[in-house]
Amino acid sequence: MSTQNQNLAARSYQLEFKQLIQAVFRSQAYFRDFFGGNIEALDGVQHNENAFYVKTSDIPVVVGNEYNKGENVAFGTGTGSSTRFGPRAEIVYTDTPVPYTWEWVYHEGIDRHTVNNDFQATVADRLDLQAQAKIKKFNNQHSKFISSVAEHTESMTGYSADAVLALFNNLSEYYVNIEAIGTKVAKVNAKLYNAIVDHPLTTSGKKSGANIDENGILKFKGFIIEEIPDAMLQEGDVAYTYITGVGKAFTGINTSRTIESEDFDGVALQGAGKAGEFILDDNKKAVAKVTLSGE
């Protein structure tokens with residue numbers, strides 16, 4: 001009886017590819033700390049639109065009420081009709097769908113007559129290389145996502161010491177005023193990174209956490225500074241700052257397999273999946289981008 005793959009033997013590698021994606025993400029994803037250091041990978045997913053649901057609430061925490069000790073509050077004439085705790089806000093959580101927003105695919109062939117390597121070792125090697133290639137795509141998508149959700153923008157006119165200091169003073173003030181709690185990170189392009197390293201405030205005498213001998217820096221104005229390639233920033237952007245762990249990255253693996261080919265003596269190595277990113281609206285204020293308006 002005929003089957004969809006024409007009775008050709010197929011072997012699934014979804015679990016292996018899921019593990020590879022997660023391992024490579026932890027070591028090679030530029031914005032992994034934005035997403036808590038990991039990517040949620042699901043194997044064997046069907047062609048559904050949503051990755052998962054999160055429970056969210058638009059009701060803010062109630063603060064500022066005073067405990068009312070009035071004679072007729074909860075007692076006396078207020079018995080049964082008043083409370084000393086102040087107005088009560090009902091907390092209602094809603095199920096918010098998180099959709100996949102983009103897709104990835106790979107399709108290669110391994111011919112037993114021409115591969116010139118152990119067959120299974122080749123499959124394992126190609127899966128690893130495909131995982132690395134997909135993380136490059138993830139990096140690009142994550143950059144677009146971070147730039148698009150940033151609620152705050154700072155602009156700098158150049159990379160002078162004064163401009164760099166003014167920028168980070170403004171950013172520091174912004175994060176203090178929004179009462180952000182957590183580790184502040186700044187992912188910066190090469191020029192801004194070098195400007196920070198060369199800044200007078202990064203001398204060891206001022207306890208900056210810099211290592212000038214190694215041309216490296218750990219912190220500047222309370223931000224952990226990390227240099228990333230210019231290509232990892234959207235056009236016009238020179239830096240992204242955020243509190244770590246404010247978002248979530250995910251991918252669903254529809255298939256990852258080898259299937260015997262009718263066209264050559266070997267297998268087709270095939271994979272396809274979907275991916276996306278998510279951040280709560282309230283967390284977007286903890287994301288900022290820096291643009292360059294002129295030099």
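## Model and confidence

Residues are numbered from 1 along each chain as its sequence is written, and side-chain values use heavy atoms, with hydrogens and water left out. Because the model is predicted, local features need pLDDT of at least 70 and side-chain atom pairs count only at pLDDT 80 or more, whereas totals for chains, interfaces and linings use all residues.

The average pLDDT (the predictor's confidence in each residue, from 0 to 100) is 85 for the protein, and 84% of the residues score at least 70. Over residues 58-64 the pLDDT falls below 50, and this stretch has four contacts (heavy atoms within 4.5 Å) beyond near neighbours in sequence. Of the contacts in the protein with a separation of 6 or more, 79% join residues 24 or more positions apart.

The protein has four helices and 15 strands, which are DSSP runs numbered from the N terminus (helices H or I, at least four residues; strands E, at least two). Six strands form an open sheet in the order 6-15-12-7-11-10 with mixed pairing, where two strands pair if DSSP finds at least two bridges between them. Strand 6 (152-156) and strand 10 (219-220) are at the edges and have a single partner strand each, so one side of each is left without a neighbour in the sheet.

Strand 12 (residues 237-243) pairs with strand 15 (residues 287-292) in the antiparallel sense over five bridges, and V287 in strand 15 is the bridge partner of Y242. Helix 2 (residues 119-149) packs on the sheet, where it touches strand 12 and strand 15, and its direction makes about 75° with that of strand 12; such angles run from 0 to 180 degrees between N-to-C directions, with axes fitted to C-alpha atoms, for helices over the stretch in contact.

Helix 1 (residues 14-28) has 15 residues, which at 1.5 Å a residue should span 21 Å, and its end C-alpha atoms are 20 Å apart, which agrees; the expected span is 1.5 Å times one less than the number of residues. Its buried residues (under 20% relative accessible area, 1.4 Å probe, protein chains only) are Q14, F17, I21, Q22, V24 and F25, and these pack against strand 1, strand 2, strand 5, helix 2 and strand 13.

Conventions: Buried means under 20% relative accessible area, exposed over 50%, partly exposed in between (1.4 Å probe, protein chains only).
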